[in-house]
Amino acid sequence: MRVTVVGAGYVGLALCRRLDGLGHEVTGVRRSPAPVREAGVSAVAADVTDPETLEALPDADAVVFAASSGGRGADAARRVFVDGLRNTIRTYADRSSPPDRLVYTSSTGVYGDHDGDWVDEDTSLDPQTEKTEVLVEAERVAVETAGEAGIDGTVARFAGLYGPERYRLSRYLEGPVTEGYLNSVHRDDAAGAVAFLLTGRSNEESGGDPRARPADHARGEVVVVADDEPVDKWSFADWLADECGVERPDKRTKAERLAAGDLSAAARRRIQTSKRVDNAKLRGLGYDPEYPTVHEGYRAAVADHRAADDG
């Protein structure tokens with residue numbers, strides 16, 4: 001299968017490596033493609049906000065749109081996630097043989113606050129910032145605009161990403177830790193889940209025919225990509241401290257942290273947003289996480305911390 005990964009960054013590059021290892025013909029796309037080439041994967045330099053550069057994208061059976069706005073504001077997010085996604089779809093829709101599938105990587109931030117209740121693919125969305133409103137619009141583009149072009153779109157809605165270079169040990173070990181739930185997915189499972197949606201093969205399976213057409217999983221649908229267990233932040237922080245052999249950190253209730261008056265508007269919103277993300281649909285499709293919970297996912301970070309202390 002020919003797969004183009006538009007936005008070969010934190011998750012996208014891991015996805016390129018995974019699909020390449022399975023024998024698929026993969027091209028990673030980013031404005032500065034050197035990291036893709038260094039990974040041994042075919043690379044194209046392009047910018048989703050500049051439609052002319054997208055003409056260099058190769059024909060594909062499936063396209064993954066995993067571009068990032070670089071943590072900037074709502075205007076930058078709109079240029080990338082909405083306009084850039086439309087540019088990518090139009091580029092491929094004009095081809096004599098357009099892709100069969102599109103997977104767009106979104107965020108569980110589109111749910112907003114649900115007061116600690118469980119959320120899944122059927123839960124109503126409540127975007128509470130301009131940026132998450134942009135993400136909701138981009139999800140519609142991924143399914144509706146792609147569908148109008150004859151491309152089956154899927155939205156992979158990621159929980160909070162973590163993994164190599166994005167472990168946040170100091171946040172939990174040094175504290176203070178504010179109460180709430182942590183909904184997470186390891187980078188390798190984010191990439192693994194997208195690969196599964198495209199190929200129909202779980203992490204425990206190997207082989208298969210790389211020439212096969214993309215799988216039928218969740219065409220025209222949304223799939224939440226999260227691990228098996230939302231965790232209580234206080235309990236997780238204590239577990240990390242015990243595993244790392246340090247004192248447990250100080251704790252703060254939400255009311256105490258908000259009353260301190262030293263938070264940015266974005267940080268206040270994060271604290272006031274509470275939900276537990278249910279991955280039952282992804283599990284039901286047949287995906288088996290490599291890191292079912294953060295306890296397995298943080299083992300490498302804990303080992304590195306202990307090794308540094310021993311050194």
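A search of the whole structure finds zero disulfides, a disulfide being a pair of cysteine sulfur atoms within 2.5 Å. This is a predicted model, in which local features need pLDDT of at least 70 and side-chain atom pairs count only at pLDDT 80 or more, while totals for chains, interfaces and linings use all residues. Residues are numbered from 1 along each chain as its sequence is written, and side-chain values use heavy atoms, with hydrogens and water left out.

## Overall form

The protein contains 12 helices and 15 strands. Helices (H or I, at least four residues) and strands (E, at least two) are DSSP runs, numbered from the N terminus. The C-alpha trace spans about 60 × 40 × 35 Å along its principal axes.

Of contacts between residues at least 6 apart in sequence, 73% join residues at least 24 apart. A contact here means heavy atoms within 4.5 Å.

## Surface and charge

Of the 311 residues, 49% are buried. Buried means under 20% relative accessible area, exposed over 50%, and partly exposed in between (1.4 Å probe, protein chains only). The accessible surface comes to about 14,100 Å², and 42% of this surface belongs to carbon and sulfur atoms. Areas come from the Shrake-Rupley method with a 1.4 Å probe; for residues, only the protein chains shown count as cover.

There are 39 positive and 55 negative side chains, and the centres of the two sets lie 3 Å apart. Lys and Arg count as positive and Asp and Glu as negative, with His and the chain ends not counted. The place of a charge is NZ of Lys, CZ of Arg, CG of Asp or CD of Glu.

Cysteine 16 belongs to helix α1, residues 10-21. Its relative accessibility is 0%, so cysteine 16 counts as buried. Apart from neighbours within four places in sequence, cysteine 16 is in contact with Val5, Ala8, Val26, Gly28 and Val41. Its C-alpha atom is separated by 35 Å from that of glutamate 174, a residue 158 residues apart from cysteine 16 along the chain. Cysteine 244 is also buried, because its relative accessible area is 3%.

Serine 170 lies in helix α5, residues 169-174, and counts as partly exposed at 45% relative accessibility.

Proline 176 is in the loop between α5 and β9 (177-178). A cis peptide bond joins glycine 175 to proline 176, with omega about -5°.

## Positive phi angles

Most residues other than glycine have a negative phi, and most peptide bonds are trans. Aspartate 115, although not a glycine, has a positive phi of about 50°. This aspartate 115 lies in the loop between β5 (101-107) and β6 (118-119), and counts as exposed at 66% relative accessibility.

Alanine 218 is not a glycine either, and has a positive phi of about 60°. The loop between α6 (187-199) and β12 (222-225) holds alanine 218. At 5% relative accessibility, alanine 218 counts as buried.
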